[in-house]
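Subject: Structure for you to look at

Hello,

Here is the structure I said I would pass on. Please open it first, then read the notes below alongside it.

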Amino acid sequence: MKKITGKDLLRIGFEENIILGKTLDFCENYKGSLNKGEVLNSLKNVFEKPSETFETSAFYPLAQQIVALQKEMDSDTIPLETNPKPYAVFGNDYIEEGARKQMETAMKLPVSVAGALMPDAHQGYGLPIGGVLATKNAIIPYGVGVDIGCRMALSIYDMEESFFEENQSKFKRELIAQSNFGAGNGFRGQYRFDHGVLENQLFNENPLLQNLKDKAWAQLGSSGGGNHFVEFGIIEFAERDEQLNIEKGKYVALLTHSGSRGFGATIAGHYTQLAKKVCKLPQEAKNLAYFDLNSTEGQEYWLAMNLAGDYASACHEVIHQKMQKALGVEVLAKVENHHNFAWKEQWNGEEVIVHRKGATPASKDVMGIIPGSMTAPGFLVRGKGEPEAIQSASHGAGRQMSRTQAKKEISKTDFKAILKDHNVTLIGAGLDEAPMAYKDIHQVMEAQKSLIDVVATFTPKMVRMADDGSSED
């Protein structure tokens with residue numbers, strides 16, 4: 001029989017723990033007549049229902065070991081509360097059941113204090129995307145998400161709409177020249193960019209970050225795959241905005257969406273696995289494993305998360321500076337906000353850790369950007385500080401189709417037609433990012449009008465995304 005590896009067992013449902021090790025030992029000594037596929041099928045059944053394994057089975061001794069180990073592990077498991085704590089829901093009609101169930105599980109954690117679902121919410125890993133969760137002195141890596149510090153950044157140019165319309169070839173040329181997309185992509189040699197974020201002492205103090213520094217440097221100023229983009233559009237202010245010092249009117253603007261690239265993704269993966277080892281939760285909540293913020297691991301993750309957020313911001317800064325220089329244009333104002341992050345905030349008079357996984361900070365008078373899709377408008381907003389929403393808003397329109405579903409149901413013909421109808425030039429992107437895969441941004445905005453005020457409306461005109469169908473790396 002061909003050798004069975006740990007990867008084989010993980011693929012059929014095992015986890016990285018002592019049961020996996022004991023099962024590998026069993027496989028090393030297995031002398032039966034079954035082939036590898038048959039053995040794996042039997043192991044899957046034994047793992048899922050060890051108490052139902054017959055005494056006459058060659059796998060019975062392993063099943064008994066698994067039963068004993070599971071009892072031992074269950075005694076170390078942190079129990080969930082019987083009933084979920086109450087949480088607010090915005091846009092109730094647009095949120096799938098899977099996202100609600102995930103939020104209910106999160107609200108059963110003993111460290112949970114408050115929660116809210118934004119109108120763009122949909123199912124993710126651990127905390128739903130569009131989920132906001134406040135905890136007491138606990139940080140959840142998967143409550144932050146894989147793409148740590150993912151954000152929006154907007155530069156408003158001192159440039160009229162007519163200039164863009166008359167010079168689209170120049171804008172397209174610079175959009176291609178000044179951006180870099182896709183999982184694993186970055187810059188080499190003389191094309192790399194320096195930034196103060198790379199001088200952070202954590203790169204010397206934390207071995208994981210030290211090993212990631214070169215990758216971070218190579219990818220600085222680049223964008224990931226999935227729904228990340230760099231785009232030009234027209235932003236319209238219906239009236240003068242005093243805070244930004246911008247007059248009523250239409251302006252050309254650059255809008256970007258991306259995060260901490262492979263640097264953040266590796267941090268997320270490493271600390272999520274570590275959290276699962278030190279914080280054992282029931283199966284349905286395992287992706288919500290958390291660190292006590294006062295623990296060594298909790299402090300390590302907190303510092304690494306903040307560095308990843310600073311790195312994501314630096315990536316946007318490089319892109320926007322390059323584009324400004326290439327176009328030779330004056331920037332009237334810049335606005336930036338992030339999600340997939342955790343903040344220390346006050347809640348009912350006590351300090352809590354607020355996780356916003358795909359949710360925009362919307363404290364009183366705080367500015368943010370909520371995009372629609374490549375053909376739907378985005379909105380420059382100002383927060384109202386609504387306590388029920390834990391001072392948050394949606395981070396976009398939110399998906400109504402999974403990527404797989406979108407690829408199956410949306411045709412290239414329909415995709416091209418909607419781009420033409422909205423006069424949008426698209427560079428890259430696959431069917432999984434077609435506008436039809438997203439919720440109606442107008443319905444989403446209506447559902448959260450108590451959370452934010454709209455300051456200006458952004459209409460996409462020229463969009464670049466990854467063209468290889470890649471997700472973040």
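**Helices, sheet and cores**

Helix α12 lies across strands β10 and β11 (350–357), and runs at about 110° to β10. Keep in mind that this is a predicted model.

**The sheet**

β10 and β11 belong to an open sheet of 5 strands, in the order β1-β2-β3-β11-β10, with mixed pairing. Its edge strands are β1 (88–89) and β10 (341–347), each of which pairs on one side only. β1 pairs with strand β2 (residues 112–122) in the parallel sense, over 2 bridges. In this pair, Val89 stands opposite Leu117 of β2. Another helix, α5 (residues 97–106), lies across β1, β2 and β3 (129–135), and its direction is at about 170° to β2.

**Two helices that cross**

Two packed helices are described by the angle between their axes and the distance between the axes. For helix α8 (residues 168–177) and helix α12 (residues 296–327), the axes come within 10 Å and cross at roughly 145°. The crossing of α8 past α12 is right-handed. Which residues meet there? From α8 they are Lys170, Phe171, Glu174 and Leu175, and from α12 they are Met323, Ala326 and Leu327. Of the residues in this contact, 5 are nonpolar, 2 are charged and none is polar.

In soluble globular proteins, nonpolar side chains tend to be buried together. Here the largest nonpolar core has 58 residues, and those with the most contacts inside it are Leu154, Ile235, Phe237 and Leu380. Strand β17 (residues 452–464) gives the most to this core, with 5 residues. A second, separate core has 54 residues, including Leu220, Phe263, Tyr290 and Tyr311.

Are the faces of β13 covered or open? Both are covered: Met367 and Ile369 on one side, and Gly368 and Ile370 on the other, are all buried.

Regards

Key. Residues are numbered from 1 along each chain as its sequence is written. This is a predicted model: local features need pLDDT of at least 70, side-chain atom pairs count only at pLDDT 80 or more; totals for chains, interfaces and linings use all residues. Side-chain values use heavy atoms; hydrogens and water are left out. A nonpolar core is a set of buried Ala, Val, Leu, Ile, Met, Phe, Trp, Tyr and Cys residues joined through side-chain atoms within 4.5 Å. Buried means under 20% relative accessible area, exposed over 50%, partly exposed in between (1.4 Å probe, protein chains only). Helices (H or I, at least four residues) and strands (E, at least two) are DSSP runs, numbered from the N terminus. Axes are lines fitted to C-alpha atoms, for helices over the stretch in contact, and angles run from 0 to 180 degrees between N-to-C directions. A crossing is left-handed if the near helix is turned anticlockwise from the far one by less than a right angle, and right-handed if clockwise. Contact means heavy atoms within 4.5 Å. Ala, Val, Leu, Ile, Met, Phe, Trp, Tyr, Cys and Pro count as nonpolar, Asp, Glu, Lys and Arg as charged, and the others, Gly among them, as polar. Two strands pair if DSSP finds at least two bridges between them.
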